[in-house]
Amino acid sequence: MVKVEKRKLSAGLYFVATPIGTARDITLHALDILTSADIIAAEDTRSMRKLLDIHGIALGGRPVVSYHDHSSEKSRNALIENVKNGQSVAYASEAGTPLIADPGYHLVQDAYDADVPLYSAPGPSAIIVALTLAGMPTDRFLFEGFLPNSQNQRRTQLQELSDIPATLVFYESPKRVAAMLKDAAEVLGAERHGAVCRELTKKFEQVRRGSLQDLAEQAVNDPPRGEIVVIIDRNRSDKNKDLDLDSEIRKALTHMSVKDTADAVAKAFGLKKRDVYQRVLQIGQNRTG
Ligand code: SAM
């Protein structure tokens, strides 16, 4: 039966993920913690109070204190001191998972230094929701957060990411997304695939997929509003295909014979077994040699 429980939590810092849109995207575990913690700390105390209200969680005199990236060391120490005195402290950022492009990192570090127990109630993060809907490979991805504001720095950073054999995930602002996509098309290649995922889990959720060139043009002609995640496929040039192939062969060789590796990888890449077999032999020899 679905029932939120108020119980005595052991002393510790509890990192609670909150919804990124739809308020019902919160776990029962998170609601249990928000119901039971002695103190609630939040990046944005107003949105926390609203969330508690939506889910019918009474504060009953418990404090909701502010803690964000610009909070002083003193306020961090105060939270840790509360835990040392036997209290449970729940911490949530404004939306999604704390520490993911959100405050919480220094709190975790200081908690380790002070030997204070840490717990988490995992839940939504825009990274994972966007990857779920973008239709790009998820075997390997690199989360880059927000790119720099300055165009020069943004282009340099994109250049550094260009050949990484992984799906790239960026957070973006609606004001900058057109410029970012234009830079991405020029630096990473106009034909490279991407997806602009906006307002995830909300009323105006939308995923636009296409070449970076098309996405950049659409962003000018019909600017996407709201919160945005940009996903960019890995470089599919021949040089990178070879890197992908080699990396799959290496992975398969850790638990398969040479023959099975050649069979499996040839099938996955749509190549002739004979051709892949030679490469598997070469890589296998280098590994043992
Ligand atoms: N901690 C959050 C998480 O786990 O996703 C991210 C916080 S970061 C300050 C906020 C950025 O996340 C937004 O600018 C946007 O790029 C992305 N984001 C958050 N919610 C989103 C949503 N519903 N749809 C699309 N992107 C979202």
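Buried means under 20% relative accessible area, exposed means over 50%, and partly exposed covers what lies in between. Keep these cut-offs at hand for the exercises below, and remember that this is a predicted model.

## Exercise 1: Two loop residues

Task: Find where Leu99 sits, and decide whether Leu99 is buried, exposed or partly exposed.

Solution: 
- Step 1. Look between E4 and H4: Leu99 is found in that loop.
- Step 2. Leu99 has a relative accessible area of 32%, so Leu99 is partly exposed.
- Step 3. Now check the backbone. Phi of Leu99 is near 80°, which is a positive value in a residue other than glycine.
- Step 4. Move on to Thr201, in the loop between strand E8 (193–198) and strand E9 (206–211). Phi of Thr201 is near 65°, again a positive value in a residue other than glycine.

## Exercise 2: The surroundings of Ser66

Task: Describe the place of Ser66, its accessibility class and its contacts.

Solution: 
- Step 1. Ser66 belongs to strand E3 (residues 64–66).
- Step 2. The relative accessibility of Ser66 is 41%, so Ser66 counts as partly exposed.
- Step 3. Set aside the neighbours within four places in sequence. Ser66 is then in contact with Ala42, Glu43, Thr45 and Ser71.

## Exercise 3: Aromatic pairs

Task: Say how many aromatic pairs the structure holds, and describe the pair of Phe15 and Tyr91.

Solution: 
- Step 1. The count of aromatic pairs in the structure is 5.
- Step 2. In the pair of Phe15 and Tyr91, the ring centres are 6.0 Å apart and the planes make an angle of 70°. Planes over 60 degrees apart count as edge-to-face, and that is the class of this pair.
- Step 3. Trace both residues along the chain. Phe15 is in strand E1 (residues 12–16) and Tyr91 is in strand E4 (residues 88–92); the pair links distant parts of the chain, 76 residues apart.
- Step 4. Both Phe15 and Tyr91 are buried.

Solution: 
- Step 1. Tyr171 has 10% relative accessibility, so Tyr171 counts as buried.

Task: Which residues do ring pairs link into a cluster with Phe15?

Solution: Tyr67 and Tyr91 join Phe15 in that cluster.

## Exercise 4: Helices that pack together

Two packed helices are described by the angle between their axes and the distance between the axes.

Task: Describe how H6 and H7 are arranged.

Solution: 
- Step 1. The axes of helix H6 (residues 151–161) and helix H7 (residues 177–188) come within 10 Å and cross at roughly 45°.
- Step 2. That angle makes H6 oblique to H7.
- Step 3. The handedness of the H6 and H7 crossing is right-handed.
- Step 4. On the H6 side, the residues in contact include Arg154, Arg155 and Leu158, and on the H7 side they include Met180, Asp183 and Val187.
- Step 5. Sorted by class, the contact of H6 with H7 has 6 nonpolar, 2 polar and 4 charged residues.

Task: Now describe H7 and H8.

Solution: 
- Step 1. The axes of H7 and helix H8 (residues 212–221) come within 8 Å and cross at roughly 160°.
- Step 2. Angles over 145 degrees count as roughly antiparallel, so H7 is roughly antiparallel to H8.
- Step 3. The crossing of H7 and H8 is left-handed.
- Step 4. Leu181, Ala185 and Leu188 are among the H7 residues that meet H8, where the partners include Leu215, Ala216 and Val220.
- Step 5. By class, the contact of H7 with H8 has 10 nonpolar, 1 polar and 1 charged residues.

Task: Finish with H3 and H4.

Solution: 
- Step 1. The axes of helix H3 (residues 73–84) and helix H4 (residues 105–113) come within 10 Å and cross at roughly 50°.
- Step 2. H3 is therefore oblique to H4.
- Step 3. H3 and H4 have a right-handed crossing.
- Step 4. Arg76, Asn77, Leu79 and Ile80 of H3 make the contact with His106, Leu107, Asp110 and Ala111 of H4.
- Step 5. By class, this contact of H3 with H4 has 4 nonpolar, 2 polar and 2 charged residues.

Notes:
Residues are numbered from 1 along each chain as its sequence is written. This is a predicted model: local features need pLDDT of at least 70, side-chain atom pairs count only at pLDDT 80 or more; totals for chains, interfaces and linings use all residues. Side-chain values use heavy atoms; hydrogens and water are left out. Rings of Phe, Tyr and Trp (its six-membered ring) pair if their centres lie within 6.5 Å; planes under 30 degrees apart count as stacked, over 60 as edge-to-face and the rest as tilted. Helices (H or I, at least four residues) and strands (E, at least two) are DSSP runs, numbered from the N terminus. Buried means under 20% relative accessible area, exposed over 50%, partly exposed in between (1.4 Å probe, protein chains only). Axes are lines fitted to C-alpha atoms, for helices over the stretch in contact, and angles run from 0 to 180 degrees between N-to-C directions. Angles under 35 degrees count as roughly parallel, over 145 as roughly antiparallel, 65 to 115 as roughly perpendicular and the rest as oblique. A crossing is left-handed if the near helix is turned anticlockwise from the far one by less than a right angle, and right-handed if clockwise. Contact means heavy atoms within 4.5 Å. Ala, Val, Leu, Ile, Met, Phe, Trp, Tyr, Cys and Pro count as nonpolar, Asp, Glu, Lys and Arg as charged, and the others, Gly among them, as polar.
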